[in-house]
Amino acid sequence: MKNSTQLPDVLKNAKPSKWQERAKEREENSDWKDFCFEVSLRVYDIIKSDRTLSQKWLAEQLEVSPQYVTKLLKGKENLTIQTIMKLEGALGIKLIALAEEKTELKTPLAPVNIPTYNDLIVTSNSAGVSGVTESIEEYEDFILSA
């Protein structure tokens, strides 16, 4: 009888598992993988909504195999910037917006000055305008209608 503390032969010859490395890699790249999945969903929606497009057509446009397109549409492919740009060109859409486009306005917004109730009364009186707002309720109605 064999000693029960010995490993079976199957386990002795097994290659060490790399599950921890794969889990760490998934965690480190989760934002990018989420983005790639979102790109995949958008591409899938476009292909399905336009009956003239197909996965085969997209594969031809990207110069890749139909199997690669299938992986891409399932969200199982880690997309490169080059692949995303090819998708943009083939589909005529924008999938990536540059950070500066999102954060910087081309023309700065002018500050908005909302007059207070007292400012409105003084301005109206000094301008000699008839029908001066005489209550808070009228002022609120004026501001909400602007």
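This is a predicted model: local features need pLDDT of at least 70, side-chain atom pairs count only at pLDDT 80 or more; totals for chains, interfaces and linings use all residues.
Residues are numbered from 1 along each chain as its sequence is written, and side-chain values use heavy atoms, with hydrogens and water left out.

**Figure 1. Overview of the helical protein chain.** The protein chain contains nine helices and zero strands; helices (H or I, at least four residues) and strands (E, at least two) are DSSP runs, numbered from the N terminus. The accessible surface of the chain, from the Shrake-Rupley method with a 1.4 Å probe, comes to about 12,200 Å². Carbon and sulfur atoms account for 53% of this surface. Contact denotes heavy atoms within 4.5 Å. Among the contacts with a separation of 6 or more, 50% are between residues 24 or more positions apart.

**Figure 2. Helix α3 and its buried face.** Helix α3 spans residues 30–49, 20 residues in total, and reaches 28 Å from its first C-alpha to its last. This is close to the 28 Å expected at 1.5 Å a residue, the expected span being 1.5 Å times one less than the number of residues. C36, V39, S40, V43, I46 and I47 of α3 are buried. Seen down the axis of α3, these buried residues fall within an arc of 130°, so they line one face of the helix; the arc is that of the directions from the helix axis to the C-beta atoms. The face turned away from the buried side carries the exposed residues D31 and S49. The buried residues of α3 pack against α4 (55–62), α5 (66–73) and α6 (81–91).

**Figure 3. The largest nonpolar core.** A nonpolar core is a set of buried Ala, Val, Leu, Ile, Met, Phe, Trp, Tyr and Cys residues joined through side-chain atoms within 4.5 Å. The largest such core has 19 residues, and V43, L58, L87, L91 and L95 are those with the most contacts inside it. Helices α3, α4, α5 and α6 each supply at least two residues of this core, and α3 gives the most, with five residues. In soluble globular proteins, nonpolar side chains tend to be buried together. Leaving aside neighbours within four places in sequence, L95 is in contact with F35, V39, R42, V43, I84, L87 and E88.

Figure 4. A polar atom of the S40 side chain lies 2.6 Å from the backbone oxygen of L72. Not counting residues up to four places away in sequence, S40 touches L72, L73 and G75.

**Figure 5. E77 in the loop between α5 and α6.** E77 counts as buried because its relative accessibility is 17%. The side chains of E77 and K71 are joined by a polar contact of 3.4 Å. A polar contact is a pair of N or O atoms within 3.5 Å; within protein, one must be able to donate a hydrogen and the other to accept it, and residues adjacent in sequence count only if both atoms are side-chain atoms. Apart from neighbours within four places in sequence, E77 is in contact with C36, Y68, K71 and L72. E77 and S40 are 37 residues apart in sequence, with their C-alpha atoms 8.8 Å apart in space.

Figure 6. L58, A59 and L62 are the buried residues of α4. Seen down the axis of α4, they fall within an arc of 100°, so they line one face of the helix. Exposed residues K56 and E60 are carried on the face turned away from the buried side. The cover of the buried residues of α4 includes α3, α5 and α6. E63, in the loop between α4 and α5, has a positive phi of about 60° although it is not a glycine. At 71% relative accessibility, E63 counts as exposed.

Technical notes: Buried means under 20% relative accessible area, exposed over 50%, partly exposed in between (1.4 Å probe, protein chains only).
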